[in-house]
Amino acid sequence: NDSDLTIQTFYKESNNIYNRSLFKLWDVFNLTPLYTIVVYTGMFYHLGTTSEYLQLITYQSDSKYDSKIYKLYNKHKLSNKINSISTLTSDTTITNSLLYSNTSTNCSSSSYIEFSCLSGEYIIGHNSYTSHVDSYHGKDLIVNDNIMIQQVHLSTDIIVFITLSVYDDIKLSFTHKNSTICGASWKHLFEISQSTVSDIWPDITDSTDQCIWNAKLFPAKSTNEPFTLTFTWLQHLTNLSYPLTNEYIVAITDWIKSDRLSLLDILNRSNAGLMYEWRLYLVYFLSTPQLSYYLTISDIDSYNKMYIDVIKCVDMIINIVNVDKNEALAVVYCLL
């Protein structure tokens, strides 16, 4: 009840850093008028999980938002392909992405792909989420049913792949009966990988604090390093049993030995600027009439060449003229 909230009651419990931080925020914002603008006939949804987000954006008929979304989609004739070029015939939801293949590919209509460049014999499973995968790692990419894969830049030459089930609860203690990793039990992960709790949480000993959020699960890789099963093998966990094939033995052995990061590590080390640049490049390329011409010549290889050429041009303009990267990119875009 807002009428009961006073600065005294708010500050009463300020005996730790968290509450002192809140007090400072209160001091800054409590006299600031805040307003909400809602588009007429628009709707606001709070999406607390990846699965809820998928249900909304792919308009799944079993979604709890079903009736309202149906009206929204039909009234406004919403498209499921936004600023994207794709050779797919399926109803996969795609935004700001380039999907190309000379072969038959399997892409589920209830999956979502954003800011990615996929080619070759890629397979995108049912109810899956693919995000920010570039043209090098997007060749022949496999994303299983109910799996989320996101490529994150840590620096210009180091990346990491977050691989989880869209139903995993990242804040639930691994000891909880409902806790899963890529849809499998933690016991199964330990058995298959021959790893221990201390391997996954080397710095955390309290089991109530040990969860996906701080679990060391995701290996970092150099952008020049080959993209192998080591970086996404977790998505196959529910289907694995002994005896393992040699391919998985090698992948899991390399995974155990690798420098693995947690979601918390990735949050602290991720380079938002590089992620934004990748988005910006894609948006410009997909808006460029010349792109269709490049694709008709020699498909995805021409796109990769143009991507590299544009980066070189941008760097050259920055070195010659005193402009920032966005301005330089705009110049190159106009020349295209």
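Helices (H or I, at least four residues) and strands (E, at least two) are taken here as DSSP runs, numbered from the N terminus. The model is predicted, so local features need pLDDT of at least 70 and side-chain atom pairs count only at pLDDT 80 or more, while totals for chains, interfaces and linings use all residues. Residues are numbered from 1 along each chain as its sequence is written, and side-chain values use heavy atoms, with hydrogens and water left out.

On that basis the protein has eleven helices and 14 strands. Of its 336 residues, 41% are buried, where buried means under 20% relative accessible area, exposed means over 50% and partly exposed covers what lies in between (1.4 Å probe, protein chains only). The accessible surface comes to about 18,900 Å², and carbon and sulfur atoms hold 55% of that; the areas come from the Shrake-Rupley method with a 1.4 Å probe, and for residues only the protein chains shown count as cover. Contacts (heavy atoms within 4.5 Å) can be sorted by sequence separation: among those between residues at least 6 apart, 45% join residues at least 24 apart.

Eight strands make up an open sheet in the order 1-3-6-9-11-12-13-14, with mixed pairing; two strands count as paired if DSSP finds at least two bridges between them. Strand 1 (81–82) and strand 14 (260–261) sit at the edges with a single partner strand each, so one side of each has no neighbour in the sheet. Helix 3 (residues 50–57) packs on this sheet, touching strand 3 (93–95), strand 6 (112–114), strand 9 (129–131) and strand 11 (147–153), and its direction makes about 95 degrees with that of strand 6. For such angles, axes are lines fitted to C-alpha atoms, for helices over the stretch in contact, and the values run from 0 to 180 degrees between N-to-C directions.

Six of its seven residues are buried, so strand 11 is largely enclosed by the rest of the structure. Strand 9 runs parallel to strand 11, joined by three bridges, and Tyr-129 has Met-148 as its bridge partner there. Strand 12 pairs with strand 11 in the antiparallel sense over seven bridges, with His-153 bridged to Ile-159, and a hairpin of four residues connects the two strands. Moving along, strand 12 and strand 13 run antiparallel with three bridges between them: Ile-158 stands opposite Ser-222, and Val-160 has Ala-220 as its bridge partner. Strand 13 then pairs with strand 14, again antiparallel, over two bridges, and Phe-218 faces Leu-261 in that pairing.

Now for the rings. A pair of aromatic rings is described by the distance of the centres and the angle of the planes. Rings of Phe, Tyr and Trp (its six-membered ring) pair if their centres lie within 6.5 Å, with planes under 30 degrees apart called stacked, over 60 edge-to-face and the rest tilted. By this rule there are eleven aromatic pairs. One of them is the tilted pair of Phe-161 and Phe-227, at 4.9 Å centre to centre with 40 degrees between the planes. This pair links distant parts of the chain, with Phe-161 in strand 12 (residues 158–165) and Phe-227 in the loop between strand 13 (218–222) and helix 7 (246–257), 66 residues apart. Phe-161 is buried at a relative accessible area of 1%, whereas Phe-227 is partly exposed at 26%.

Trp-186 and Phe-190 also make a tilted pair, with ring centres 6.3 Å apart and planes at 40 degrees. Both lie in helix 5 (residues 186–193), four residues apart, about one turn of the helix, and both are buried. Helix 5 itself has six of its eight residues buried, so it is largely enclosed by the rest of the structure; helix 6 (197–200) and helix 7 are included in what covers them.

Lys-221 has its charged end over the ring of Phe-231, 5.7 Å from the centre, and Arg-279 lies over the face of Phe-115 at 4.1 Å from the ring centre.

Terms used
A charge sits over a ring if NZ of Lys or CZ of Arg is within 6 Å of the ring centre and within 35 degrees of the ring normal.
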